[in-house]
Amino acid sequence: MIFLNAFLLSGLFCLVAELILDNTKLTPGHITSAFTVLGAALSFFGIYSKLIEWGGAGATVIISNFGHMLYLGAVEGFKEMGILGLFSGLLVKSSAAITSVVIFAFVLSLIFKPKS
Amino acid sequence: MNKEEYQKLVEQYTPKEKKLKNAVIAFLVGGSIGFMGQVVVTIFQNSFGMEVTESYAWLCILIILISCFLTALGFFDNWVSKCKAGLFLPTTGFAHSVTSSALDYKKDGFITGLGANFFKLAGSVILYGMVSAFFLAVLGVIIYG
């Protein structure tokens, strides 16, 4: 049941992050950065692809997926182009996320005024 | 009363249920985002005939669009302070941090304000993500070939 798995997986990620936030002095900035690095590390050990297989979108909505995409992009770039591919491939898969954030955030910040 | 004693006193009076409540909220909110994401991805695959990876990429863009909009409309700051990890750990938090710093620093001008502070919070995610992924990838291609 992939829907339940998706719920459990992303819920569990957020639960762990919340426990870290409440019981240590780390800020959300520390935790999101740490989870991105964790995503790259899980991808390195081949675990993150399995998590996506098991939990579907539950794994891809978490910020760790960004680290996973960066790792995969670099490795696939290397397979195609060698060492140059490590550099040119790193951002290929996560480009959609970064570009959409830049475009949407910029356009919306032109239109809207800050509330506080 | 010195600082440590004060700290102990604070801990004594901080309600334990609050941590439990926070954890439950984070689990439910984060889980719901994953669940709804799976619903959207399934619709994309079945109704629009998308491939799996393609549908995940569209889901990512959709989540970013929605959270940028909700941030710009002013709802999101409130929700993040209530749901905490449930909202900042998914991609929603990434989009929220960029949009809110863009909005907040717009008053300082387009270059020194908006431009210079655009990635103020999300920058560390991109930086440490890229650095760690790069070196792990170097290690990966050496080990796995």
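In chain A, Asn5(A), Ala6(A) and Leu9(A) of H1(A) meet Leu51(A), Trp54(A) and Gly55(A) of H3(A), a meeting being C-beta atoms, placed from the backbone, within 7 Å. By class, that contact has 4 nonpolar, 2 polar and no charged residues (Ala, Val, Leu, Ile, Met, Phe, Trp, Tyr, Cys and Pro are nonpolar; Asp, Glu, Lys and Arg are charged; the others, Gly among them, are polar).

This is a predicted model, where local features need pLDDT of at least 70 and side-chain atom pairs count only at pLDDT 80 or more, while totals for chains, interfaces and linings use all residues. Residues are numbered from 1 along each chain as its sequence is written, with chains lettered from A and ligands numbered from 1 in the order in which they are written.

Helices here are DSSP runs (H or I, at least four residues) numbered from the N terminus. The axes of H1(A) and H3(A), residues 47-55, come within 8 Å and cross at roughly 135 degrees; axes are lines fitted to C-alpha atoms over the stretch in contact, with angles from 0 to 180 degrees between N-to-C directions. That makes the pair oblique, the label for angles not under 35 (roughly parallel), over 145 (roughly antiparallel) or 65 to 115 degrees (roughly perpendicular).

H1(A), residues 2-23, also comes within 10 Å of H2(A), residues 28-44, axis to axis, crossing at roughly 140 degrees. Here Ala17(A), Ile20(A) and Leu21(A) meet Pro28(A), Ile31(A) and Phe35(A), giving 6 nonpolar, no polar and no charged residues.

Turning to the chain pair, 58 residues of chain B contact 54 of chain A. H2(B) supplies the largest share of chain B's side, 15 residues.

Technical notes: Helix = DSSP H or I, 4+ residues; strand = E, 2+ residues; numbered from the N terminus. Contact = placed C-beta atoms within 7 Å.
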